Amino acid sequence: MSQGQPRRPKGGEAMQADRPIKYGDVFDVSGELAAQPVAPRDAAMLQSTENEVLGLGQTQKGGPAAVMQSAATLNARAGHVGRGQLTGPVADAGVTVTEADLPGRRVITESVAGQVVGRFVAPAPVTATEPSGALDQDAVTIGRALEAVAAAGAGAKPVDQSDSAAVQAAEMRATGSNLTVPGGVAAAVQAAADQNERAAREEDRVKLRDVLSDARSKLPADKGATREDAERVVSAEMRNKLDLTTTPGGVAEAVTTAARLNQERP
């Protein structure tokens with residue numbers, strides 16, 4: 001996140017019995033807002049706006065709304081704010097989530113009471129130009145997109161849980177199933193992510209190229225990537241990264257690129 005990275009309050013829950021968590025404790029804000037306690041309705045407003053604009057259906061892990069929700073819960077539990085309380089500056093100026101489209105990217109900015117509390121970058125959405133079912137047999141498939149990650153620079157990246165979530169979403173879109181395929185590519189990536197969390201040395205960590213180079217052979221079914229597929233994969237990857245970004249050249253970007261190429265086909 002390039003600006004407004006949320007900060008975790010210091011001191012834990014014990015500190016919250018003495019004073020509330022204020023906006024200045026968790027965000028790089030100033031003025032009246034910085035001195036205000038984070039209230040439950042503030043968090044609910046940003047969460048609702050975030051979901052409406054981003055269309056993710058759930059709060060971004062580690063994002064501004066999630067940080068506010070956590071702080072507001074602690075404040076309410078300690079009796080510093082009411083469970084239905086709305087902070088004055090938020091009541092006056094509200095919250096916003098805006099998108100700016102750049103070549104190949106979109107910059108998403110989240111603000112509370114006119115001050116930026118989070119900014120992150122995601123792949124540009126794919127514009128639908130024809131029904132997804134109209135893709136022909138030469139379309140770039142989800143499996144090919146996953147193998148492209150292995151062949152690119154991102155293939156040297158150690159597998160983490162955001163990669164696992166993205167591949168799981170990709171596999172489900174390719175197969176049309178809501179279940180992870182035993183012995184499939186998603187299961188392999190999940191096992192690699194779990195192993196890497198326990199690995200003590202860098203050389204012991206499994207890389208993306210180790211588990212995605214033969215992705216098509218591990219998929220019981222495959223399909224041409226569509227805008228809807230890309231949106232699901234981007235959402236899954238971003239929800240599982242604290243900085244709310246996608247990996248450059250990673251799974252989300254590869255599926256997004258595949259979907260865009262398919263939409264641009266004559």
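## Gln195 and its helix

Helices here are DSSP runs of H or I with at least four residues, numbered from the N terminus. Gln195 lies in one of them, helix H9, which covers residues 185–198. The model is predicted.

Leaving out residues up to four places away in sequence, Gln195 touches Asp204 and Val206. Val206 is 11 residues from Gln195 along the chain, and their C-alpha atoms are 7.7 Å apart.

## The chain as a whole

The chain holds 12 helices and three strands. It has 266 residues, and 49% of them count as buried. The accessible surface is about 12,200 Å². Carbon and sulfur atoms account for 48% of that surface.

Consider contacts between residues at least 6 apart in sequence. Of these, 66% join residues at least 24 apart.

## Helices H11 and H12

Two packed helices are described by the angle and the distance between their axes. For H11 (residues 227–239) and H12 (residues 251–264), the axes come within 8 Å and cross at roughly 165 degrees. H11 is therefore roughly antiparallel to H12, since the angle is over 145 degrees. Their crossing is left-handed.

Which residues meet? On the H11 side they are Arg227, Asp229, Ala230, Val233, Val234 and Glu237. On the H12 side they are Val251, Ala252, Val255, Thr256, Ala259 and Gln263. By class, this contact has seven nonpolar, two polar and three charged residues.

Notes. Residues numbered from 1 in each chain as written. Predicted model: local features only at pLDDT ≥ 70, side-chain atom pairs only at ≥ 80, totals over all residues. Heavy atoms only, no water. Helix = DSSP H or I, 4+ residues; strand = E, 2+ residues; numbered from the N terminus. Contact = heavy atoms within 4.5 Å. Buried < 20%, exposed > 50% of the residue type's maximum accessible area, 1.4 Å probe, protein only. Areas by Shrake-Rupley, 256 points an atom, 1.4 Å probe, with all protein chains shown as cover. Axes fitted to C-alpha atoms, helices over the stretch in contact; angles between N-to-C directions. Parallel < 35°, antiparallel > 145°, perpendicular 65-115°, else oblique. Left-handed = near helix turned anticlockwise from the far one by under 90°. Nonpolar A, V, L, I, M, F, W, Y, C, P; charged D, E, K, R; others polar.
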